[in-house]
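Visitor: I would like to learn how to read a structure like this one, going feature by feature. Could we begin with how strands sit beside one another?

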Amino acid sequence: MLFGVLIAVCSGLFIISSVIAHIADKHKRVATPDKPPHREPLAGLVTYDVFHRHMDGLLREPSPVLTALIDCNETNMLEQSQPDPERARLPSQIAGLLSVSFSDKAVITRYGDGRLAVVFGRGGAAELESVRRFIESEISKLTGLQLSYGFSSSPDDGTTREQLLAKAEKNMIAMKQDIWMKREVIIARSERLRIVGELASGMAHEIRNPLTTIKGFLQISRSNGYNIEPWYNMIMEEIDRMSELTAEFLRFSKPSATHFVLQPVHTCIQRVISLTESETTRLGHRLVYEASHPSIQIWMDPDKLVQLLLNLIKNAIESMHEQGQVTIALKQSGAFAVVEVKDTGTGIAPDELDQIFQPFYTSKDTGTGLGLSICHKIVQDHGGLIEVESELDKGTTFRISLPLPGVPEANRTADRSETDL
(Lines give C-alpha, C1' and ligand atoms only; values in the text may rest on other atoms or scores of the structure.)
Protein backbone atom coordinates (compact mmCIF):
# COMPACT_ATOMS: atom_id res chain seq x y z
CA MET A 1 0.00 0.00 0.00
CA LEU A 2 2.74 2.41 1.09
CA PHE A 3 4.75 1.43 -2.00
CA GLY A 4 1.81 2.32 -4.30
CA VAL A 5 1.45 5.75 -2.66
CA LEU A 6 5.15 6.46 -3.22
CA ILE A 7 4.86 5.52 -6.88
CA ALA A 8 1.88 7.86 -7.34
CA VAL A 9 3.68 10.75 -5.63
CA CYS A 10 6.79 10.27 -7.78
CA SER A 11 4.68 10.15 -10.95
CA GLY A 12 2.92 13.37 -10.00
CA LEU A 13 6.21 15.13 -9.27
CA PHE A 14 7.56 13.99 -12.65
CA ILE A 15 4.49 15.32 -14.52
CA ILE A 16 4.63 18.67 -12.67
CA SER A 17 8.37 19.07 -13.41
CA SER A 18 7.76 18.28 -17.09
CA VAL A 19 5.01 20.93 -17.34
CA ILE A 20 7.21 23.52 -15.64
CA ALA A 21 10.10 22.70 -17.97
CA HIS A 22 7.79 23.00 -21.00
CA ILE A 23 6.47 26.38 -19.88
CA ALA A 24 10.00 27.63 -19.17
CA ASP A 25 11.17 26.46 -22.57
CA LYS A 26 8.21 28.17 -24.27
CA HIS A 27 8.99 31.43 -22.54
CA LYS A 28 12.61 31.18 -23.65
CA ARG A 29 11.52 30.83 -27.29
CA VAL A 30 9.13 33.82 -27.21
CA ALA A 31 10.90 37.13 -27.79
CA THR A 32 10.52 39.79 -25.14
CA PRO A 33 10.70 43.57 -25.66
CA ASP A 34 13.94 43.81 -23.70
CA LYS A 35 15.75 41.03 -25.57
CA PRO A 36 15.36 40.83 -29.35
CA PRO A 37 14.99 37.34 -30.84
CA HIS A 38 17.87 35.47 -32.42
CA ARG A 39 19.04 36.83 -35.76
CA GLU A 40 20.74 35.27 -38.73
CA PRO A 41 24.47 35.91 -38.32
CA LEU A 42 24.89 37.75 -41.67
CA ALA A 43 21.63 39.52 -42.52
CA GLY A 44 20.14 40.05 -39.08
CA LEU A 45 16.72 38.85 -40.31
CA VAL A 46 14.15 36.99 -38.23
CA THR A 47 11.15 35.02 -39.40
CA TYR A 48 7.87 36.79 -39.96
CA ASP A 49 6.18 35.00 -37.03
CA VAL A 50 8.97 35.92 -34.62
CA PHE A 51 8.81 39.52 -35.83
CA HIS A 52 5.06 39.63 -35.16
CA ARG A 53 5.42 38.19 -31.66
CA HIS A 54 8.17 40.65 -30.84
CA MET A 55 6.15 43.59 -32.16
CA ASP A 56 3.07 42.51 -30.20
CA GLY A 57 5.23 42.31 -27.09
CA LEU A 58 6.53 45.84 -27.63
CA LEU A 59 3.00 47.18 -28.06
CA ARG A 60 2.08 45.91 -24.60
CA GLU A 61 4.68 48.29 -23.17
CA PRO A 62 3.80 51.96 -22.47
CA SER A 63 6.65 53.46 -24.56
CA PRO A 64 6.07 54.39 -28.25
CA VAL A 65 6.91 51.81 -30.92
CA LEU A 66 8.53 52.90 -34.20
CA THR A 67 7.90 50.79 -37.31
CA ALA A 68 9.64 51.23 -40.68
CA LEU A 69 9.10 49.65 -44.09
CA ILE A 70 11.95 49.96 -46.60
CA ASP A 71 11.54 49.19 -50.31
CA CYS A 72 14.87 47.94 -51.66
CA ASN A 73 13.46 47.87 -55.22
CA GLU A 74 13.67 51.64 -55.62
CA THR A 75 16.81 51.43 -57.73
CA ASN A 76 17.82 51.86 -61.36
CA MET A 77 18.34 48.08 -61.45
CA LEU A 78 14.58 47.79 -61.95
CA GLU A 79 15.14 48.68 -65.61
CA GLN A 80 17.13 45.49 -66.20
CA SER A 81 15.13 42.70 -67.80
CA GLN A 82 17.38 39.89 -66.52
CA PRO A 83 17.54 38.97 -62.80
CA ASP A 84 20.55 40.51 -61.08
CA PRO A 85 22.25 38.63 -58.21
CA GLU A 86 23.23 41.95 -56.63
CA ARG A 87 19.59 43.02 -56.59
CA ALA A 88 18.57 39.77 -54.87
CA ARG A 89 21.21 40.27 -52.15
CA LEU A 90 20.34 43.93 -51.57
CA PRO A 91 17.67 43.42 -48.83
CA SER A 92 20.06 41.21 -46.82
CA GLN A 93 22.87 43.74 -47.19
CA ILE A 94 20.67 46.62 -46.02
CA ALA A 95 19.33 44.50 -43.15
CA GLY A 96 22.92 43.79 -42.10
CA LEU A 97 23.71 47.53 -42.06
CA LEU A 98 20.64 48.23 -39.93
CA SER A 99 21.48 45.39 -37.53
CA VAL A 100 24.99 46.72 -36.96
CA SER A 101 23.86 50.32 -36.45
CA PHE A 102 20.78 49.59 -34.31
CA SER A 103 21.80 46.25 -32.78
CA ASP A 104 20.14 46.87 -29.42
CA LYS A 105 16.86 48.23 -30.84
CA ALA A 106 15.99 46.91 -34.29
CA VAL A 107 14.30 43.63 -35.25
CA ILE A 108 14.10 43.05 -39.00
CA THR A 109 12.19 40.69 -41.28
CA ARG A 110 11.42 40.39 -44.98
CA TYR A 111 8.15 42.05 -45.97
CA GLY A 112 7.29 40.82 -49.44
CA ASP A 113 9.53 40.94 -52.50
CA GLY A 114 12.51 43.19 -51.92
CA ARG A 115 11.07 44.89 -48.85
CA LEU A 116 12.10 44.98 -45.20
CA ALA A 117 10.01 45.58 -42.08
CA VAL A 118 11.83 46.98 -39.04
CA VAL A 119 10.48 47.53 -35.52
CA PHE A 120 12.39 49.55 -32.93
CA GLY A 121 12.21 49.15 -29.16
CA ARG A 122 11.92 52.89 -28.64
CA GLY A 123 9.94 55.05 -31.06
CA GLY A 124 10.38 58.68 -30.13
CA ALA A 125 10.96 61.60 -32.52
CA ALA A 126 14.73 61.43 -31.97
CA GLU A 127 14.80 57.75 -32.92
CA LEU A 128 12.74 58.38 -36.06
CA GLU A 129 15.05 61.17 -37.21
CA SER A 130 18.10 59.00 -36.52
CA VAL A 131 16.73 56.15 -38.66
CA ARG A 132 15.70 58.56 -41.43
CA ARG A 133 19.20 60.07 -41.59
CA PHE A 134 20.74 56.61 -41.65
CA ILE A 135 18.57 55.47 -44.60
CA GLU A 136 18.98 58.66 -46.63
CA SER A 137 22.64 59.28 -45.86
CA GLU A 138 24.57 56.21 -44.74
CA ILE A 139 22.77 53.56 -46.82
CA SER A 140 22.75 55.90 -49.81
CA LYS A 141 26.52 56.43 -49.51
CA LEU A 142 27.28 52.74 -49.07
CA THR A 143 24.99 51.43 -51.84
CA GLY A 144 24.63 54.44 -54.17
CA LEU A 145 20.85 53.93 -54.18
CA GLN A 146 17.83 56.02 -53.29
CA LEU A 147 15.35 53.92 -51.33
CA SER A 148 11.73 54.68 -50.57
CA TYR A 149 10.53 54.07 -47.02
CA GLY A 150 7.65 54.73 -44.67
CA PHE A 151 7.37 55.20 -40.91
CA SER A 152 4.60 54.76 -38.37
CA SER A 153 4.62 55.23 -34.61
CA SER A 154 2.32 54.15 -31.82
CA PRO A 155 0.00 55.39 -30.52
CA ASP A 156 -0.36 58.27 -33.04
CA ASP A 157 -0.59 56.03 -36.12
CA GLY A 158 -2.23 53.03 -34.46
CA THR A 159 -2.14 50.77 -31.47
CA THR A 160 -2.03 47.37 -33.17
CA ARG A 161 0.54 45.65 -35.35
CA GLU A 162 -1.80 45.68 -38.36
CA GLN A 163 -2.51 49.41 -38.05
CA LEU A 164 1.16 50.35 -37.76
CA LEU A 165 2.27 48.19 -40.70
CA ALA A 166 -0.59 49.50 -42.87
CA LYS A 167 0.28 53.12 -42.06
CA ALA A 168 4.00 52.55 -42.74
CA GLU A 169 3.16 50.91 -46.07
CA LYS A 170 0.89 53.80 -47.06
CA ASN A 171 3.67 56.30 -46.30
CA MET A 172 6.20 54.19 -48.20
CA ILE A 173 3.97 54.04 -51.30
CA ALA A 174 3.43 57.82 -51.16
CA MET A 175 7.18 58.39 -51.07
CA LYS A 176 7.72 55.90 -53.89
CA GLN A 177 5.20 57.77 -56.06
CA ASP A 178 6.88 61.08 -55.26
CA ILE A 179 10.29 59.68 -56.27
CA TRP A 180 8.90 58.38 -59.55
CA MET A 181 7.14 61.68 -60.31
CA LYS A 182 10.37 63.63 -59.78
CA ARG A 183 12.22 61.14 -61.94
CA GLU A 184 9.64 61.53 -64.74
CA VAL A 185 10.03 65.31 -64.60
CA ILE A 186 13.81 64.95 -64.97
CA ILE A 187 13.40 62.52 -67.87
CA ALA A 188 10.90 64.82 -69.61
CA ARG A 189 13.22 67.81 -69.16
CA SER A 190 16.15 65.83 -70.56
CA GLU A 191 14.04 64.75 -73.53
CA ARG A 192 13.06 68.36 -74.25
CA LEU A 193 16.70 69.43 -74.10
CA ARG A 194 17.63 66.58 -76.44
CA ILE A 195 14.98 67.65 -78.97
CA VAL A 196 16.06 71.30 -78.75
CA GLY A 197 19.64 70.19 -79.34
CA GLU A 198 18.64 68.19 -82.42
CA LEU A 199 16.61 71.11 -83.78
CA ALA A 200 19.44 73.55 -83.20
CA SER A 201 21.90 71.19 -84.88
CA GLY A 202 19.61 70.73 -87.88
CA MET A 203 18.94 74.45 -88.11
CA ALA A 204 22.65 75.27 -88.02
CA HIS A 205 23.35 72.70 -90.73
CA GLU A 206 20.60 73.98 -93.02
CA ILE A 207 21.68 77.62 -92.68
CA ARG A 208 25.38 76.85 -93.03
CA ASN A 209 24.91 75.39 -96.52
CA PRO A 210 23.57 78.55 -98.24
CA LEU A 211 25.94 80.73 -96.22
CA THR A 212 28.88 78.65 -97.51
CA THR A 213 27.64 79.11 -101.08
CA ILE A 214 27.27 82.88 -100.71
CA LYS A 215 30.64 83.20 -99.00
CA GLY A 216 32.32 81.24 -101.78
CA PHE A 217 30.91 83.48 -104.52
CA LEU A 218 31.93 86.63 -102.66
CA GLN A 219 35.48 85.37 -102.03
CA ILE A 220 35.96 84.41 -105.69
CA SER A 221 34.61 87.78 -106.83
CA ARG A 222 36.86 89.72 -104.47
CA SER A 223 40.06 87.82 -105.25
CA ASN A 224 39.56 88.04 -109.01
CA GLY A 225 37.88 91.41 -109.23
CA TYR A 226 34.73 89.84 -110.67
CA ASN A 227 31.42 91.55 -110.95
CA ILE A 228 28.93 89.60 -108.79
CA GLU A 229 26.04 90.41 -111.09
CA PRO A 230 26.15 87.02 -112.87
CA TRP A 231 25.67 85.32 -109.52
CA TYR A 232 23.22 87.83 -108.11
CA ASN A 233 20.12 85.71 -108.69
CA MET A 234 21.72 82.62 -107.14
CA ILE A 235 22.86 84.60 -104.09
CA MET A 236 19.37 86.04 -103.63
CA GLU A 237 17.84 82.57 -103.93
CA GLU A 238 20.10 81.29 -101.16
CA ILE A 239 19.23 84.28 -98.98
CA ASP A 240 15.53 83.69 -99.63
CA ARG A 241 15.98 80.03 -98.69
CA MET A 242 17.55 81.02 -95.39
CA SER A 243 14.73 83.47 -94.76
CA GLU A 244 12.12 80.79 -95.51
CA LEU A 245 13.90 78.29 -93.29
CA THR A 246 14.07 80.77 -90.42
CA ALA A 247 10.38 81.64 -90.79
CA GLU A 248 9.34 77.97 -90.78
CA PHE A 249 11.55 77.23 -87.79
CA LEU A 250 9.92 80.09 -85.88
CA ARG A 251 6.48 78.73 -86.75
CA PHE A 252 7.58 75.28 -85.62
CA SER A 253 8.90 76.53 -82.27
CA LYS A 254 6.02 78.94 -81.58
CA PRO A 255 3.94 77.99 -78.49
CA SER A 256 0.65 76.20 -79.05
CA ALA A 257 -2.27 78.32 -80.22
CA THR A 258 -4.72 79.25 -77.50
CA HIS A 259 -7.33 81.34 -79.33
CA PHE A 260 -9.54 78.57 -80.64
CA VAL A 261 -13.00 79.13 -82.11
CA LEU A 262 -15.84 76.72 -82.81
CA GLN A 263 -16.08 76.62 -86.58
CA PRO A 264 -17.06 74.20 -89.38
CA VAL A 265 -14.15 72.27 -90.87
CA HIS A 266 -15.90 72.67 -94.23
CA THR A 267 -15.16 76.43 -94.16
CA CYS A 268 -11.41 75.88 -93.83
CA ILE A 269 -11.36 73.29 -96.60
CA GLN A 270 -13.20 75.64 -98.99
CA ARG A 271 -10.66 78.37 -98.23
CA VAL A 272 -7.79 75.98 -98.97
CA ILE A 273 -9.41 74.90 -102.27
CA SER A 274 -9.77 78.53 -103.36
CA LEU A 275 -6.04 79.08 -102.64
CA THR A 276 -4.78 75.98 -104.46
CA GLU A 277 -7.27 75.27 -107.25
CA SER A 278 -5.70 77.55 -109.87
CA GLU A 279 -2.18 76.16 -109.34
CA THR A 280 -3.49 72.58 -109.40
CA THR A 281 -5.31 73.20 -112.67
CA ARG A 282 -2.30 74.96 -114.23
CA LEU A 283 -0.19 71.84 -113.58
CA GLY A 284 -2.84 69.63 -115.18
CA HIS A 285 -4.11 67.98 -111.97
CA ARG A 286 -7.65 67.63 -110.62
CA LEU A 287 -8.73 68.72 -107.12
CA VAL A 288 -11.76 66.83 -105.80
CA TYR A 289 -13.63 67.55 -102.56
CA GLU A 290 -15.89 64.91 -100.96
CA ALA A 291 -17.85 66.02 -97.88
CA SER A 292 -20.11 63.43 -96.28
CA HIS A 293 -20.52 65.62 -93.14
CA PRO A 294 -20.10 69.28 -94.21
CA SER A 295 -21.71 70.57 -90.99
CA ILE A 296 -19.06 69.13 -88.64
CA GLN A 297 -17.66 71.76 -86.26
CA ILE A 298 -14.58 71.58 -84.05
CA TRP A 299 -12.60 73.89 -81.79
CA MET A 300 -9.78 75.14 -84.01
CA ASP A 301 -7.32 77.82 -84.88
CA PRO A 302 -8.57 78.44 -88.48
CA ASP A 303 -5.28 79.87 -89.76
CA LYS A 304 -3.30 76.91 -88.41
CA LEU A 305 -5.74 74.40 -89.91
CA VAL A 306 -5.52 76.15 -93.29
CA GLN A 307 -1.71 76.07 -93.04
CA LEU A 308 -1.87 72.33 -92.27
CA LEU A 309 -4.03 71.53 -95.30
CA LEU A 310 -2.04 73.81 -97.61
CA ASN A 311 1.18 71.96 -96.67
CA LEU A 312 -0.41 68.57 -97.34
CA ILE A 313 -1.91 69.61 -100.68
CA LYS A 314 1.37 71.23 -101.76
CA ASN A 315 3.20 67.98 -100.97
CA ALA A 316 0.54 66.00 -102.86
CA ILE A 317 0.91 68.18 -105.97
CA GLU A 318 4.71 67.93 -105.88
CA SER A 319 4.53 64.12 -105.65
CA MET A 320 2.61 63.84 -108.97
CA HIS A 321 5.02 64.12 -111.89
CA GLU A 322 2.25 63.30 -114.37
CA GLN A 323 -1.38 64.36 -114.44
CA GLY A 324 -3.08 63.16 -111.30
CA GLN A 325 -5.76 63.82 -108.72
CA VAL A 326 -5.81 65.22 -105.19
CA THR A 327 -8.87 64.20 -103.19
CA ILE A 328 -9.95 65.95 -99.99
CA ALA A 329 -12.53 64.06 -97.92
CA LEU A 330 -14.39 65.20 -94.78
CA LYS A 331 -16.23 62.65 -92.66
CA GLN A 332 -17.02 61.69 -89.10
CA SER A 333 -15.65 58.64 -87.30
CA GLY A 334 -16.97 58.19 -83.77
CA ALA A 335 -15.91 61.16 -81.66
CA PHE A 336 -13.64 62.60 -84.37
CA ALA A 337 -13.89 64.75 -87.45
CA VAL A 338 -11.66 63.12 -90.07
CA VAL A 339 -10.01 64.96 -92.98
CA GLU A 340 -8.19 62.94 -95.63
CA VAL A 341 -5.83 64.29 -98.28
CA LYS A 342 -5.15 61.64 -100.94
CA ASP A 343 -2.98 61.87 -104.04
CA THR A 344 -2.06 59.61 -106.97
CA GLY A 345 1.63 60.45 -106.84
CA THR A 346 4.82 58.44 -106.52
CA GLY A 347 4.20 57.40 -102.91
CA ILE A 348 6.59 57.13 -99.98
CA ALA A 349 9.02 54.27 -99.44
CA PRO A 350 8.19 52.08 -96.41
CA ASP A 351 11.54 52.82 -94.73
CA GLU A 352 10.79 56.57 -94.90
CA LEU A 353 7.31 56.50 -93.39
CA ASP A 354 8.62 56.52 -89.80
CA GLN A 355 10.85 59.53 -90.50
CA ILE A 356 8.71 61.94 -92.49
CA PHE A 357 7.48 63.85 -89.41
CA GLN A 358 10.99 64.36 -88.03
CA PRO A 359 12.32 67.93 -88.25
CA PHE A 360 14.62 68.62 -91.23
CA TYR A 361 13.96 65.24 -92.82
CA THR A 362 13.21 65.58 -96.53
CA SER A 363 13.53 63.45 -99.65
CA LYS A 364 13.30 66.48 -101.96
CA ASP A 365 16.20 68.24 -103.63
CA THR A 366 14.92 71.54 -102.26
CA GLY A 367 12.95 72.32 -99.13
CA THR A 368 13.52 72.82 -95.43
CA GLY A 369 12.26 69.47 -94.15
CA LEU A 370 10.03 71.25 -91.62
CA GLY A 371 6.69 71.14 -93.47
CA LEU A 372 5.40 67.82 -92.13
CA SER A 373 6.90 68.50 -88.69
CA ILE A 374 4.83 71.68 -88.56
CA CYS A 375 1.75 69.71 -89.69
CA HIS A 376 2.33 67.19 -86.91
CA LYS A 377 2.65 69.96 -84.32
CA ILE A 378 -0.55 71.70 -85.50
CA VAL A 379 -2.50 68.45 -85.17
CA GLN A 380 -1.04 67.87 -81.70
CA ASP A 381 -2.01 71.42 -80.66
CA HIS A 382 -5.59 70.55 -81.62
CA GLY A 383 -5.54 67.32 -79.61
CA GLY A 384 -5.73 65.19 -82.73
CA LEU A 385 -3.86 62.48 -84.58
CA ILE A 386 -2.22 62.43 -88.02
CA GLU A 387 -1.60 59.15 -89.85
CA VAL A 388 -0.17 58.28 -93.24
CA GLU A 389 -0.64 55.38 -95.64
CA SER A 390 1.38 55.10 -98.83
CA GLU A 391 2.18 52.72 -101.67
CA LEU A 392 4.95 53.31 -104.14
CA ASP A 393 3.77 54.44 -107.60
CA LYS A 394 0.13 54.49 -106.42
CA GLY A 395 -0.13 57.40 -104.01
CA THR A 396 -0.33 58.59 -100.43
CA THR A 397 -3.14 59.33 -97.99
CA PHE A 398 -2.78 61.60 -94.96
CA ARG A 399 -5.56 61.15 -92.41
CA ILE A 400 -6.17 63.81 -89.73
CA SER A 401 -8.49 62.98 -86.82
CA LEU A 402 -9.62 66.00 -84.79
CA PRO A 403 -11.78 65.68 -81.63
CA LEU A 404 -15.39 66.82 -81.78
CA PRO A 405 -16.52 69.34 -79.13
CA GLY A 406 -18.17 68.14 -75.94
CA VAL A 407 -16.88 64.55 -76.16
CA PRO A 408 -15.13 63.28 -73.00
CA GLU A 409 -11.46 62.29 -73.36
CA ALA A 410 -12.22 58.67 -72.37
CA ASN A 411 -14.75 58.34 -75.19
CA ARG A 412 -12.34 59.87 -77.70
CA THR A 413 -9.63 57.41 -76.66
CA ALA A 414 -12.02 54.47 -77.03
CA ASP A 415 -13.18 55.61 -80.47
CA ARG A 416 -9.59 56.11 -81.58
CA SER A 417 -8.66 52.60 -80.41
CA GLU A 418 -11.57 51.10 -82.35
CA THR A 419 -10.53 53.07 -85.42
CA ASP A 420 -6.95 51.80 -85.12
CA LEU A 421 -8.23 48.24 -84.97
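Guide: Two strands count as paired if DSSP finds at least two bridges between them, and helices (H or I, at least four residues) and strands (E, at least two) are themselves DSSP runs, numbered from the N terminus. Here Thr-67 has Val-119 in E3 as its bridge partner, and E1 pairs with strand E3 (residues 115-120) in the antiparallel sense over six bridges. This is a predicted model, in which local features need pLDDT of at least 70 and side-chain atom pairs count only at pLDDT 80 or more, while totals for chains, interfaces and linings use all residues. Residues are numbered from 1 along each chain as its sequence is written, and side-chain values use heavy atoms, with hydrogens and water left out.

Visitor: Which residue of E4 does Thr-67 stand opposite?

Guide: Thr-67 stands opposite Ser-152 in E4, and Asp-71 stands opposite Ser-148 in that strand. E1 and strand E4 (residues 148-153) pair over six bridges, in the antiparallel sense.

Visitor: In what order do the strands of this open sheet lie?

Guide: The four strands follow the order E2-E3-E1-E4, with antiparallel pairing. Strand E2 (106-110) and E4 stand at the edges with a single partner strand each, so one side of each has no neighbour in the sheet. From one strand to the next the twist averages 20 degrees, where axes are lines fitted to C-alpha atoms, for helices over the stretch in contact, and angles run from 0 to 180 degrees between N-to-C directions.

Visitor: Which helices lie against these strands?

Guide: Helix H4 (residues 125-143) packs on the sheet and touches E1, E3 and E4, its direction making about 170 degrees with that of E4; contact means heavy atoms within 4.5 Å. Helix H2 (residues 48-59) lies across E1, E2 and E3, and runs at about 30 degrees to E3.

Visitor: How many residues of strand E1 are buried?

Guide: A residue is called buried under 20% relative accessible area, exposed over 50%, and partly exposed in between (1.4 Å probe, protein chains only). Six of the six residues of strand E1 (residues 66-71) are buried, so the strand is largely enclosed by the rest of the structure. Leu-66, Ala-68 and Ile-70 point one way from E1, whereas Thr-67, Leu-69 and Asp-71 point the other way, and all are buried.

Visitor: Where is the kink in helix H7 centred?

Guide: The bend at a residue is the angle between axes fitted to the seven residues ending there and the seven starting there. In H7 a kink of about 45 degrees is centred on Thr-276, which is also one of the buried residues of this helix, among them Cys-268, Ile-269 and Val-272. After H7 comes Gly-284, whose phi is positive, near 85 degrees.

Visitor: Which strands does H7 lie across?

Guide: H7 lies across E6, E8 and E9, and runs at about 170 degrees to E6. The buried residues of H7 pack against several elements, including strand E5 (261-264), strand E7 (297-300) and helix H8 (302-318).

Visitor: How is the sheet that contains E6 arranged?

Guide: Five strands form an open sheet in the order E6-E8-E9-E11-E10, with mixed pairing. E6 and strand E10 (385-391) are at the edges, each with a single partner strand, so one side of each is left without a neighbour in the sheet. Within this sheet, E9 and strand E11 (residues 395-403) pair in the antiparallel sense over seven bridges, and Val-341 stands opposite Phe-398 in E11.
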